[in-house]
Amino acid sequence: SSLATTQAWYGIWNNGGSSAYLSMSNNTFTNNTTNATSGTTYLMYNTGAVASYNTMSNNNFSFSHVGATGYTGTLYNLYNAGSTITTTLSINGNNFSSYNHTTTGTGIIYFIYNTASSYVLGYTNNFIGNLNMNHSGSEYCIYNSTSTQYSLSVISNSITNITRNAAAGTMYCYYAGSSSLP
């Protein structure tokens, strides 16, 4: 949006009732820009309670803030809050590249953000890279604040070629805020 100074923006948001299966896959977010100085941006967001299989795979993400004032809001690229302790959650093959801040942004950026516990959780073959960030806020490449009942896999992800042009905040490549069983 070129006119908004504060906004909540949703690309794809599943907020439906409970379902057994959900696939949010093969989507592309390119050439999205905003002038907003605050608010929250969700490119892909799931809050529906998925009981069996939840797949968020092979999506392409990019985003630019082009406003004259730095962005202080929060950017969630791929956000899952809708699994259960019986769910197999797969977050695989997603690509995050071509991010830009014209003026120094101070908000938080989450590339992959999961707050829903699951039975099996896999982060595999995700690419976060080729980023030229004029951003001084915290950045989380993969954020997982939940417990996994049976199996957690973080395999073959690539975080590469990230340039931060502002006084850098904290950068987390993988953030685990809970434990996995057994």
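Which residue's backbone oxygen lies 3.3 Å from a polar atom of the side chain of Asn46? The backbone oxygen is that of Gly82. The model is predicted, so local features are reported only at pLDDT of at least 70 and side-chain atom pairs only at pLDDT 80 or more, whereas totals for chains, interfaces and linings use all residues. Residues are numbered from 1 along each chain as its sequence is written, and side-chain values use heavy atoms, with hydrogens and water left out.

Asn46 belongs to strand E5, residues 38-46; helices (H or I, at least four residues) and strands (E, at least two) are DSSP runs numbered from the N terminus. The relative accessible area of Asn46 is 0%, so this residue is buried. Buried stands for under 20% relative accessible area, exposed for over 50%, and partly exposed for values in between, with a 1.4 Å probe and protein chains only. The side chain of Asn46 also makes a polar contact of 2.7 Å with the side chain of Asn14. A polar contact is a pair of N or O atoms within 3.5 Å; within protein, one must be able to donate a hydrogen and the other to accept it, and residues adjacent in sequence count only if both atoms are side-chain atoms. With residues up to four places away in sequence not counted, the residues touched by Asn46 include Leu22, Met24, Met56 and Tyr79. Contact here means heavy atoms within 4.5 Å.

Gly82 is placed in the loop between strand E8 (74-80) and strand E9 (88-92). Gly82 is buried as well, at a relative accessible area of 3%. Between the C-alpha atoms of Gly82 and Gly48 the distance is 4.8 Å, although the two are 34 residues apart in sequence. Beyond neighbours within four places in sequence, the contacts of Gly82 include Asn46, Gly48, Asn54 and Ala116.

Another loop, between strand E4 (33-34) and E5, holds Thr37. Thr37 is partly exposed, with a relative accessible area of 23%. Its contacts, neighbours within four places in sequence left aside, are Thr5, Thr69, Gly70, Tyr71, Thr72 and Gly73. The C-alpha atom of Thr37 is separated by 26 Å from that of Thr115, 78 residues apart along the chain.

The largest nonpolar core has 25 residues, of which Phe61, Leu78, Phe96 and Tyr99 touch the most other members. A nonpolar core is a set of buried Ala, Val, Leu, Ile, Met, Phe, Trp, Tyr and Cys residues joined through side-chain atoms within 4.5 Å. Another core, of eight residues, lies apart from the largest one and has Tyr79, Tyr113, Tyr140 and Tyr143 among its members.

One salt bridge is counted, the criterion being a side-chain nitrogen of Lys or Arg within 4 Å of a carboxyl oxygen of Asp or Glu. The side chains that form this salt bridge belong to Arg164 and Glu139, at 3.4 Å from N to O. Arg164 lies in strand E16 (residues 158-164) and Glu139 in strand E14 (residues 139-144), so the pair ties together parts that are 25 residues apart in sequence. Arg164 is buried at a relative accessible area of 18%, and Glu139 is buried at 1%.
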